[in-house]
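Please read it alongside the sequence and the model.

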Amino acid sequence: MKKSGPVVIFMAIAFSSFSQDTITTAPLTRQDYLQKSKSQKTTANILRYGGAALALTSLFLISDDVGGVLDPTDKDNFSAATVLLCAGAAAAIISIPLRSAARKNEQRAMSLSFKNFQVPQLTNKSIVQKALPSITLKISL
């Protein structure tokens, strides 16, 4: 019984230190989505063009040894040029989902905007139209 107290305290500390954070962050703004889209486009372009250059370079290295690469009896099918070709093709393929994610984030940024809506408010026994700043979100159906 005496040993269960420290164990319970230790478990409470351990569980609270690895728990999910309950503080919510502010929602992303238009500028955040545009910055995210720009960095994703840059990364996608680097992967696409770098992968294409790597694959093209490895094709030039393989071009004189095409018979050796396609020969199943050859023990050295995975030369450095073959590995570079696979790495370049993989980098170019990985850039496709990044590009689509960048497009999606750009569309989200364009759908968010700030507008001042005229809202009727009661002041001094009369109704007055006052501007109320608000965020609008366009949803295409």
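Helices (H or I, at least four residues) and strands (E, at least two) are taken as DSSP runs and numbered from the N terminus. By this rule, the secondary structure of the chain comes to four helices and two strands. Their order from the N terminus is α-α-α-α-β-β.

The model is predicted, and local features are reported only at pLDDT of at least 70, side-chain atom pairs only at pLDDT 80 or more, while totals for chains, interfaces and linings use all residues. Residues are numbered from 1 along each chain as its sequence is written, and side-chain values use heavy atoms, with hydrogens and water left out.

A residue is termed buried under 20% relative accessible area, exposed over 50%, and partly exposed in between (1.4 Å probe, protein chains only). Of the 141 residues of the chain, 15% count as buried.

The expected span of a helix is 1.5 Å times one less than its number of residues. Helix 2 covers residues 30–62; its 33 residues should span 48 Å, and its end C-alpha atoms are 47 Å apart, which agrees. The 32 residues of helix 4 should span 46 Å, and here the end C-alpha atoms lie 47 Å apart, again in agreement.

Which residues of helix 2 are buried? They are Tyr33, Ser37, Gln40, Ala44, Gly51, Ala55, Ser58 and Ile62. In helix 4, the buried residues include Ala81, Gly88, Ala91, Ala102 and Asn105.

Side chains of opposite charge can pair when their charged atoms come close. A salt bridge is counted when a side-chain nitrogen of Lys or Arg lies within 4 Å of a carboxyl oxygen of Asp or Glu. A search of the whole structure finds one salt bridge. In this salt bridge the side chains of Glu106 and Lys41 meet at 3.0 Å, N to O. The pair links distant parts of the chain, with Glu106 in helix 4 (residues 80–111) and Lys41 in helix 2, 65 residues apart. Glu106 counts as partly exposed because its relative accessibility is 29%, and Lys41 is likewise partly exposed, at 27%.

Lys41 also takes part in one of the C-alpha pairs tabulated here.

| Pair | Separation along the chain | C-alpha distance |
|---|---|---|
| Ala101 and Lys41 | 60 residues | 8.7 Å |
| Ser79 and Ile62 | 17 residues | 9.0 Å |
| Ser63 and Ala81 | 18 residues | 9.9 Å |

Ala101 is found in helix 4 and is partly exposed, with a relative accessible area of 25%. Ser79 lies in the loop between helix 3 (66–70) and helix 4; its relative accessibility of 23% makes Ser79 partly exposed. Ser63 belongs to the loop between helix 2 and helix 3 and, at 47% relative accessibility, also counts as partly exposed.

Rings of Phe, Tyr and Trp (its six-membered ring) are paired if their centres lie within 6.5 Å; planes under 30 degrees apart count as stacked, over 60 as edge-to-face and the rest as tilted. A search of the whole structure finds zero aromatic pairs.

A charge is said to sit over a ring if NZ of Lys or CZ of Arg is within 6 Å of the ring centre and within 35 degrees of the ring normal. The charged end of Arg48 sits over the ring of Tyr49 in this way, 5.6 Å from its centre.

Phe10 is found in helix 1 (residues 4–17) and is exposed, with a relative accessible area of 60%.
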